[in-house]
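Subject: the structure I promised

Hi,

Have a look at it first and then read on.

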Amino acid sequence: MSLQIITQHTTDGVNARALANDVDAQTLDLEGLERIDLNFPKFTDGRAFSQAFVLRRRGFTGDIRAHGDVLIDQLLQMQRSGFSSAVLRDDQDAAHGEKLLSHYKAFYQGDAVQHVPHFAQAA
Amino acid sequence: MYQYTAFDSEFVKARAAQYRDQLTRNLAGKLADDDFRPLRLQNGWYVQRYAPMLRVAVPYGELNSAQLRVLSKIARDYDTPSAELLNQAQTAQDKIGGIDAPSLVTNCGHFTTRQNVQFNWIPLDKSADVMELLATVNLHGIQTSGNCIRNITSDERAGIAVDEEVDPRPYAEVLRQWSTLHPEFAYLPRKFKIAITGANEDRAAIEWHDIGLRLIRDDEGNVGFKIYVGGGMGRTPITGSVIREFLPWNQIINYLEAVVRVYNGWGRRDNIYKARIKILVKAEGQRYFDEVEAEYERILESGAHHTIPQVELDRVSACFVMPPVDVVSDEAQEKAEQALVAQAKADKEFTRWLQQNVTSHQNPGLRVVTLSFKRLGQAPGDATADQLATAADLADQFSSGEVRVNHDQNLVLPWVRIDQLADLYQAAKAAGFARANVHLLTDMIACPGGDYCALANARSLPIAAAITERYQDLDELFDLGDIDLHISGCINSCGHHHSGHIGILGVDKDGQEWYQVTLGGSDGSFLSGPAKAGKVVGPSFAAAEVVDVVEAVLDVYRDKRETHETFARTLNRVGFDVFKAAANSARNTTARAS
C-alpha cells in the first residue's frame, strides 16, 4: 500500500472522523467510518504515528489521512505507521516526496504495513 | 565483535544518501533550517557554540580498528575550523576569565559517557561527506540525538566479564536493529535512552536510563530481563522503577514496544523539562504500568510479531565472532603469570598499572586492559587523530582488532593475552595511554561544557584540568583510592554529576560561571551502592574555589576513614554534614555559608 500524497484537501462527502491527538485510538468507534483524520500540530509531535498504528491493528481498512504540519521527510514514517494519505503543507515539493517514499529497500522492524520484522522474513 | 551483514552495510549507506539529500536541500534553501534541524539531529549533527558537533554512534561501545582509523581520519581531515573561526572562538573564550583555561582543541575525537564519539569542529557543508566516509566502515550517527530511541549502551566487559550471567551483546544488537529508524517512535516527547547489562556488577548505570535492562536467569535457568523504567538525570534526577521482575528474553521487543507506545501517547509535550518518561512514571506510577501491561497484552493478542525466535538469537549471537585467540596451556599460563610477577617486582609503575588498569577475563589466558584517556594536558576522553590511529594499532597488535569505548570515557582492550601484557604496557606508555589511574580521582567524567557546547552554563574542562593538575602524584591517588568525580557544564547532566561521589555542576549567575558541588551520588556499582543522586553542598562556588573544595572534602576522608574504607563508604558512615562543612570552609571568594 503506497501513501497517497495530497496537495489540496477537499471535502469529498466520505464518512470521515477527526481524532484528536489526546484521544485513545483504542476507544474510537470505527463503525461505518471511511476515513480517519489524524493531526500533526507540529511535525515533531509524533502521537499520530502511534494512533495510526493502533487503528490499523484494530482492523480499520479505510483511509487514514495525515493533516497539519505534514512534511515530505516524514511521509515514509507515516506510510509505515499506517497512514494511507497525507495532505502536504503548502510549501512542500510533492514530486520529491514521492521519491523519498521508496528510498529504503527494507527495514529492520515490522510496522503497520509489513507486520513481521526483517529477521522473521529472512528466517 | 559484531560482524555487520550485507543488509546492515547497505542500510547505513542508504541512510548516508538520505542525509545527503536533506543537506543538499537545506543548503539550496529548499528545506528550512527549522525543518532540517530534527533530521540532522537524528543523524548526530548538532550546531554548537561555535561550530557543528557530530556524535557518531558506537553501538554498545564496540569498535574495530578499521573504524578507529576512520575516526582518526575524520579528526585529522575534517575536525578543523577556519583560522578565523578558531581565532574568534578562542578570543570569546579568553574573555570569560575566572580560572586558567586550556586552549580550544581541534582535530580531536571525544569519547562520551554513552560510549559514543564526538567531533567539535566539522563544518556542516562537509557533513554528508563525513557520513559517507563513516558508512564505509558501517559507522553512522543514526539516532545519536533527537527525541527518539538513542544508541543502546552496555557493559564495557560484555561477553568477557567474569561476573557475567548472560552475554548482553546479542540482545543489545537485536534491540539496536529494532529501534533503528522505527517509524512510530522517531518523534517521541523527548530523548529515550536504553542501557543493558548481563553482569552482577552494573557498569552501565542502567537505573539512570529511561529503560534499564538486566539479563538474569530464573530458578530453572531460563533467561529473562529485569526491566527498570523512568530513570534519568537532568533537572529532576530519578532512578528507574522496576516495571517487570522477569520478562522472558524472547518477548523483549514486544514489551518495549508497549513501554514506548504508551509513553509516546501519554508523555508531556508542553514542557521540555517535564517530557522525559521519568516524569510520566513519577506522575502516573501504577496507572502507567497498568497501561503498559494492557498494551503488551494487545501486542501479544495481535500476533506478537516481534517475538524473537531462538534461530534469530542464534544467528545474531553467531555474528559476535570470538577472536581466534590461542588457547594457552596451563603450563604456559603459569609461566606467563610468574614472569608478570617478576616484572612487576622490578617496576613499581607496572605493578600499579596491572593493579588499576588490568582486570580479569572469562578466558583465564586473557586480560581486559583499559587505556586511560585521563592525563595532564588533555581533556577527559579526548583523543587526537594520532592517538586514535595509535589506539587502532594497539588494538590490532594486542586485542584482536577490537576496542570498547566505556562509560568512563576511556578505551578498553577486551582480548589481551596475559603473556603480552608487558609489551602492551610499554607500547601504551609510549603512546601516553598507560596512566595507572583507572577508577581513581583523576579518571573523572567531564562533558565538553562551555568551551564547546551551546547548552552549557559554565565550562567543565578548566575545572577538570585544575583537579588533574593538583592530583598528579600517583602515590596520593592510590592512597585516595577509587573515587567517582563527575563534572557537568549544565543541568542536562551529560557529565553525570548526579551520580558522582563528588559531583560538580556548572551554573550561570549574572553571566558568570559558578559551580554547585554534590556529594554521595552513585551510578549503581558495587563500590558506590544503590543508584542515587548526590546531595547539594550549599550555594555554588566560584570557579577558582572548586579545586580547594575537592581537596577539603578529600582531606576529611583521609582524616575520618577506617582501614581500607573507600571514600563512598566513609561518606556514608560519617555523614554528609561533616563533608559539607569542610567543603564550605574552602570558600574564600564566595560568602561563607551560615
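To start you off: which residue in β7(B) is the bridge partner of Thr153(B)? In this predicted model, Thr153(B) is partnered with Ala195(B). Strand β6(B) is joined to β7 (residues 194–197) of chain B by two bridges, and the two strands run parallel.

That pair belongs to an open sheet of five strands in chain B, with the order β6-β7-β8-β9-β10 and mixed pairing. β6 (153–154) and β10 (241–248) of chain B each have a single partner strand, so they stand at the edges and one side of each has no neighbour in the sheet. Helix α6 (residues 169–179) of chain B lies across β6, β7 and β8 (211–217) of chain B, and it runs at about 160° to β7(B).

Stepping back to the whole chain

Chain B has 19 helices and 21 strands. Its C-alpha atoms fill a box of roughly 65 × 65 × 50 Å along the principal axes. Buried residues make up 57% of the 594 residues in chain B. Of the contacts in chain B with a separation of 6 or more, 70% are between residues 24 or more positions apart.

Chain B divides into domain 1 (6–135), domain 2 (160–319), domain 3 (330–431) and domain 4 (445–585). The centres of domain 3 and domain 4 of chain B, taken over C-alpha atoms, are 28 Å apart. Six residues from domain 3 of chain B and nine residues from domain 4 of chain B take part in the contact. On the domain 3 side, those residues are three nonpolar, one polar and two charged.

Another five strands of chain B make an open sheet with antiparallel pairing, in the order β3-β14-β15-β12-β11. Its edge strands are β3 and β11 (358–360) of chain B, each of which pairs on one side only. On average, neighbouring strands here are turned by 30° against each other, direction ignored. Inside the sheet, β14 (residues 402–405) and β15 (residues 411–417) of chain B run antiparallel and are joined by two bridges, with Arg404(B) opposite Val412(B) in β15(B).

Two helices pack on this sheet:
- α13 (residues 385–398) of chain B touches β12 (366–371), β14 and β15 of chain B, and its direction makes about 25° with that of β15(B).
- α14(B) touches β11, β12 and β15 of chain B, at about 10° to the direction of β12(B).

A covered strand

Next, β19 (residues 512–519) of chain B. How many of the eight residues of β19 are buried? Seven are, and the strand is mostly covered. Eight bridges join β18 (residues 502–509) of chain B to β19(B), the two running antiparallel, and Asp508(B) has Glu513(B) as its bridge partner. The hairpin of β18(B) and β19(B) has two residues between the strands, and Asp510(B) takes a positive phi near 55° in it.

β19(B) also runs antiparallel to β21 (residues 541–542) of chain B, with two bridges between them, and Trp514(B) stands opposite Ala542(B) there. Two further bridges join β19(B) to β20 (residues 535–536) of chain B, again antiparallel, where Thr518(B) stands opposite Val536(B).

Tyr60(B) has a positive phi near 40° without being a glycine. Tyr60(B) sits in the loop between β2 (52–56) and β3 (62–64) of chain B. It counts as buried because it has 27 C-beta neighbours inside 10 Å. His439(B) also has a positive phi, about 75°, and is not a glycine. You'll find His439(B) in the loop between α14 (421–431) and β16 (445–446) of chain B. With 16 C-beta neighbours inside 10 Å, His439(B) counts as partly exposed.

Where the chains meet

The contact between the chains takes 28 residues from chain B and 25 residues from chain A. On the chain B side, the elements giving two or more residues are α1 (6–27), α2 (33–41), α6, α7 (252–266) and α10 (310–319). By class, that side has 11 nonpolar, 12 polar and five charged residues.

Cheers

Methods: Residues are numbered from 1 along each chain as its sequence is written. Chains are lettered from A and ligands numbered from 1 in the order in which they are written. This is a predicted model: local features need pLDDT of at least 70, side-chain atom pairs count only at pLDDT 80 or more; totals for chains, interfaces and linings use all residues. Two strands pair if DSSP finds at least two bridges between them. Helices (H or I, at least four residues) and strands (E, at least two) are DSSP runs, numbered from the N terminus. Two residues are in contact if their C-beta atoms, placed from the backbone, lie within 7 Å. Axes are lines fitted to C-alpha atoms, for helices over the stretch in contact, and angles run from 0 to 180 degrees between N-to-C directions. A residue is buried if 20 or more other C-beta atoms lie within 10 Å of its own, exposed if 12 or fewer, and partly exposed in between; C-beta atoms are placed from the backbone. Ala, Val, Leu, Ile, Met, Phe, Trp, Tyr, Cys and Pro count as nonpolar, Asp, Glu, Lys and Arg as charged, and the others, Gly among them, as polar. Domain bounds come from an automatic or database domain assignment.
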